[in-house]
Amino acid sequence: MIPPFETFYETHRTEVLRYLNSRLGGQRAEDAFQETFLRALRAYDRLEHADHLRAWILTIASRIAIDDVRRRRPTDELADEAIWHEDARPAFEELAPFTDGLPPKERAAVVLRYGYGLGYDEIGGALETSEAAARQAASAGVRRLRKEHA
Amino acid sequence: MTTFSPELDERFRAAAAASGLLDVAFDILPDTPVGDLLVGVTDQGVCRIHFDPDPERELESLARQFGPRVLRSAKPVERVKLQLDDYFAGTLQSFEIDWDLRGLPAYNQRVLAELARVEYGSTTTYGALAKLTGNPRAARAVGTVMNRNPIPIVLPCHRVVGANGKLTGYAGGLDRKEKLLRLEGAML
């Protein structure tokens, strides 16, 4: 069962704020914090299981942090390590070296799909895009990887 | 070290409520004359009042019944809170709040709707309520519906007593039932 949003929020809010403070700091981090949990709230009733809620919320936070930085420095080429890493996860460690070269959105979709087994609905929620677009990003990422590693 | 400011927390909770995305907003009203109360509201009205709340259990029950987007947020609950304050102060006799009984069996909804008509300061019996809802011999079933009333106080199951005038039972404990009836000046 998906936990009540209150429980989810209480469990992850400190870590999310700490992460956003490290990426943005100050008022920008606070705005991004609110946007992160509002975006999660919007997608929350479409979640089908509660297996990867931490990865999910931190991915949402990282997308918002990236967008915020982009908005302020539109000419910067952002390194995709801006995507949040949960280094302790073996699935991610196995995938990370292979996905380094992907554009951030495709990389996030591939890692969430194949590293964490999230559904496309959840990935769509995390990347603030539709289920179909999430599916497309993941398969574009996989195609690109096949080409690179062929 | 990340400090988590109460202002940031309240700001998010208010924004979440304003977004219209919550299935249930709830708040805990501390130290009412009948103890701490958990009050839950949906976009349709009050859906839960719970004595001695064990939030974890209550929130899961609310999530099962109404959806997982259950969050504490004071603003949506304020209207109910103010009316409860007035009720406990003795200045309000009839709540002007819609209620949300979605998910309850049709029979429970029918009995609770009948219960809502029992007036402030008066009492009725399980048998009388059974008769009004179509089955005079269903006093025991009515008792069960009262016991599972999700919105006590607003839906006044404390006004239902045994045929002999005894208080009989109350999910929140007989002390509370007696307290509420005395507050209303009901003849005991």
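This is a predicted model: local features need pLDDT of at least 70, side-chain atom pairs count only at pLDDT 80 or more; totals for chains, interfaces and linings use all residues.
User: Start with chain A. How many helices and strands does chain A have?

Analyst: The secondary structure of chain A comes to 7 helices and 0 strands. Read from the N terminus, the order is α-α-α-α-α-α-α.

User: And what percentage of chain A is buried?

Analyst: Of the 150 residues in chain A, 41% are buried. As for contacts in chain A between residues at least 6 apart in sequence, 59% join residues at least 24 apart.

User: At what angle do helix 1 and helix 3 of chain A pack?

Analyst: The angle between helix 1 (residues 5–23) and helix 3 of chain A is about 35°, and their axes are 10 Å apart. The crossing of these two helices of chain A is right-handed.

User: Which residues meet there, helix 1 against helix 3 of chain A?

Analyst: Helix 1 of chain A brings Phe8(A), His12(A), Val16(A), Tyr19(A), Leu20(A) and Arg23(A).

User: What about helix 1 and helix 2 of chain A, what angle do they cross at?

Analyst: Roughly 145°, with the axes of helix 1 and helix 2 (residues 26–44) of chain A coming within 10 Å. The crossing of helix 1 and helix 2 of chain A is right-handed. On the helix 1 side of chain A the contact is made by Phe5(A), Tyr9(A), Val16(A), Leu17(A), Leu20(A) and Asn21(A). The residues from helix 2 of chain A include Phe33(A), Phe37(A) and Tyr44(A). By class, the contact between helix 1 and helix 2 of chain A has 11 nonpolar, 2 polar and no charged residues.

User: OK, the core. How many residues are in the largest nonpolar core?

Analyst: It has 82 residues, and those with the most contacts inside it are Leu20(A), Ala61(A), Ala109(A), Val24(B), Val39(B) and Val46(B). The largest share of this core, 8 residues, comes from helix 3 (residues 53–72) of chain A.

User: Where does this core lie relative to domain 1 and domain 2 of chain B, and why?

Analyst: The core lies between them, because domain 1 (6–88) and domain 2 (106–183) of chain B both give residues to it.

User: Pick Val39(B). What does Val39(B) touch?

Analyst: Not counting residues up to four places away in sequence, Val39(B) touches Phe26(B), Asp27(B), Leu29(B), Val46(B), Arg48(B), Ile49(B), Val77(B), Val80(B) and Lys81(B).

User: How far apart are the C-alpha centres of the two domains of chain B?

Analyst: The C-alpha centres of domain 1 and domain 2 of chain B lie 24 Å apart. Their contact takes 8 residues from domain 1 and 9 residues from domain 2 of chain B. On the domain 1 side, the largest share, 5 residues, comes from strand 3 (residues 46–51) of chain B. By class, that side of domain 1 of chain B has 7 nonpolar, no polar and 1 charged residues.

User: Now between chains. How many residues of chain B are in contact with chain A?

Analyst: 19 residues of chain B are in contact with 20 residues of chain A. Helix 1 (6–18), helix 2 (55–66) and strand 4 (70–72) of chain B each give two or more residues to the chain B side. The largest share of that side, 5 residues, comes from helix 1 of chain B. By class, the chain B side divides into 12 nonpolar, 3 polar and 4 charged residues.

User: Backbone check. Which residue in strand 1 of chain B is Asp31(B)'s place, and what is its phi?

Analyst: Asp31(B) is in strand 1 (residues 24–32) of chain B. Asp31(B) has a positive phi of about 55° although it is not a glycine.

User: Is Asp31(B) buried or exposed?

Analyst: Asp31(B) counts as exposed, because it has 8 C-beta neighbours inside 10 Å.

User: And Ile153(B), buried or exposed?

Analyst: Ile153(B) is buried, with 24 other C-beta atoms within 10 Å. Ile153(B) is not a glycine either, yet has a positive phi of about 75°. Its place is in the loop between helix 6 (139–147) and strand 6 (160–161) of chain B.

Definitions and conventions:
Residues are numbered from 1 along each chain as its sequence is written. Chains are lettered from A and ligands numbered from 1 in the order in which they are written. A nonpolar core is a set of buried Ala, Val, Leu, Ile, Met, Phe, Trp, Tyr and Cys residues joined through C-beta atoms within 7 Å. A residue is buried if 20 or more other C-beta atoms lie within 10 Å of its own, exposed if 12 or fewer, and partly exposed in between; C-beta atoms are placed from the backbone. Helices (H or I, at least four residues) and strands (E, at least two) are DSSP runs, numbered from the N terminus. Domain bounds come from an automatic or database domain assignment. Two residues are in contact if their C-beta atoms, placed from the backbone, lie within 7 Å. Ala, Val, Leu, Ile, Met, Phe, Trp, Tyr, Cys and Pro count as nonpolar, Asp, Glu, Lys and Arg as charged, and the others, Gly among them, as polar. Axes are lines fitted to C-alpha atoms, for helices over the stretch in contact, and angles run from 0 to 180 degrees between N-to-C directions. A crossing is left-handed if the near helix is turned anticlockwise from the far one by less than a right angle, and right-handed if clockwise.
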